[in-house]
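Student: I would like to learn how to read a structure one feature at a time. Could we work through an example together?

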Amino acid sequence: MSESRALVRARAIEQRSPHNRLVTLVLCWFLGVLGVHRFYVGKVGTGLLMLFTGGGFGVWWMIDFIMLLLGRFRDSEGRVMGPPQIVYETPVAPKQLSSHEPELEPLSKADTDWDDEVMRDPLEDKFDELEKELRK
């Protein structure tokens with residue numbers, strides 16, 4: 001029997017920030033009460049607010065630190081400091097054969113003996129994993 005393989009497409013729905021996440025994390029940990037990490041990423045208004053409120057009374061800077069650890073903290077332009085969120089598009093169903101197009105016969109086991117590990121595409125396993133994840 002022939003096995004059809006769907007082409008899975010992925011696209012990022014977020015842009016990644018050019019600011020260094022590790023630098024921002026260290027600034028947040030040591031100087032987060034002063035809002036220095038917010039100045040670094042261009043959020044001057046909220047940085048001043050953190051400066052005058054002692055890091056949001058000691059709570060706001062901790063929330064920022066956790067968001068940085070999770071990779072969900074954003075810079076002043078809304079770009080994420082961690083890896084961008086990836087969306088996998090569902091494969092398009094194959095078009096139906098018209099009545100005048102002949103249907104191909106499936107390959108027999110003897111015809112697929114040449115399909116060994118040497119000729120196997122290394123990305124096929126990755127696509128198989130992605131396809132299994134999409135079906136869950």
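Student: Let us begin with a single residue. Is Gly54 buried, exposed or partly exposed?

Tutor: The model here is predicted. Burial is read from relative accessibility, and under 20% counts as buried while over 50% counts as exposed. Gly54 has a value of 28%, so it counts as partly exposed. This residue lies in helix H3, which covers residues 44-57.

Student: Now Arg38. Is Arg38 buried or exposed?

Tutor: Arg38 is buried, because its relative accessibility is 7% and the cut-off for buried is under 20%. Arg38 belongs to helix H2, residues 36-40.

Student: What does Arg38 touch, apart from residues up to four places away in sequence?

Tutor: Arg38 touches Lys43, Val44, Thr46, Gly47, Met50, Trp60, Asp64 and Phe73. For Trp61, the C-alpha distance to Arg38 is 9.6 Å, with a sequence separation of 23 residues.

Student: Let us step back to the whole chain. How many helices and strands does the protein chain have?

Tutor: There are five helices and two strands. Read from the N terminus, their order is β-α-α-α-α-β-α. The chain has 136 residues, and 21% of them are buried. Among contacts with a separation of 6 or more, 61% join residues 24 or more positions apart.

Student: How do I read the packing of two helices? At what angle do H1 and H4 pack?

Tutor: Look at the angle and the axis distance together. H1 (residues 21-31) and H4 (residues 60-70) pack at about 155 degrees, and their axes are 10 Å apart. H1 is therefore roughly antiparallel to H4, since an angle over 145 degrees is given that name. The crossing of H1 with H4 is left-handed.

Student: Which residues meet where H1 packs on H4?

Tutor: From H1 come Arg21, Thr24, Leu25, Cys28 and Trp29, and from H4 come Trp61, Asp64, Phe65, Leu68, Leu69 and Leu70. Sorted by class, the contact of H1 with H4 holds eight nonpolar residues, one polar residue and two charged residues.

Student: At what angle do the axes of H3 and H4 cross?

Tutor: The H3 and H4 axes cross at roughly 120 degrees and come within 9 Å. That angle makes H3 oblique to H4. On the H3 side the residues are Thr46, Leu49, Met50, Gly55 and Gly56, and they meet Trp60, Trp61 and Asp64 in H4. This contact of H3 with H4 has four nonpolar, three polar and one charged residue.

Student: Why look for a group of buried nonpolar residues?

Tutor: In soluble globular proteins, nonpolar side chains tend to be buried together. In this model, the largest nonpolar core is made of nine residues: Leu25, Cys28, Val41, Met50, Trp61, Phe65, Leu68, Phe73 and Met81.

Student: Which helix gives the most to this core?

Tutor: H4 does, with three residues. H1 and H4 each supply at least two.

Key. Residues are numbered from 1 along each chain as its sequence is written. This is a predicted model: local features need pLDDT of at least 70, side-chain atom pairs count only at pLDDT 80 or more; totals for chains, interfaces and linings use all residues. Side-chain values use heavy atoms; hydrogens and water are left out. Axes are lines fitted to C-alpha atoms, for helices over the stretch in contact, and angles run from 0 to 180 degrees between N-to-C directions. Helices (H or I, at least four residues) and strands (E, at least two) are DSSP runs, numbered from the N terminus. Angles under 35 degrees count as roughly parallel, over 145 as roughly antiparallel, 65 to 115 as roughly perpendicular and the rest as oblique. A crossing is left-handed if the near helix is turned anticlockwise from the far one by less than a right angle, and right-handed if clockwise. Contact means heavy atoms within 4.5 Å. Ala, Val, Leu, Ile, Met, Phe, Trp, Tyr, Cys and Pro count as nonpolar, Asp, Glu, Lys and Arg as charged, and the others, Gly among them, as polar. A nonpolar core is a set of buried Ala, Val, Leu, Ile, Met, Phe, Trp, Tyr and Cys residues joined through side-chain atoms within 4.5 Å. Buried means under 20% relative accessible area, exposed over 50%, partly exposed in between (1.4 Å probe, protein chains only).
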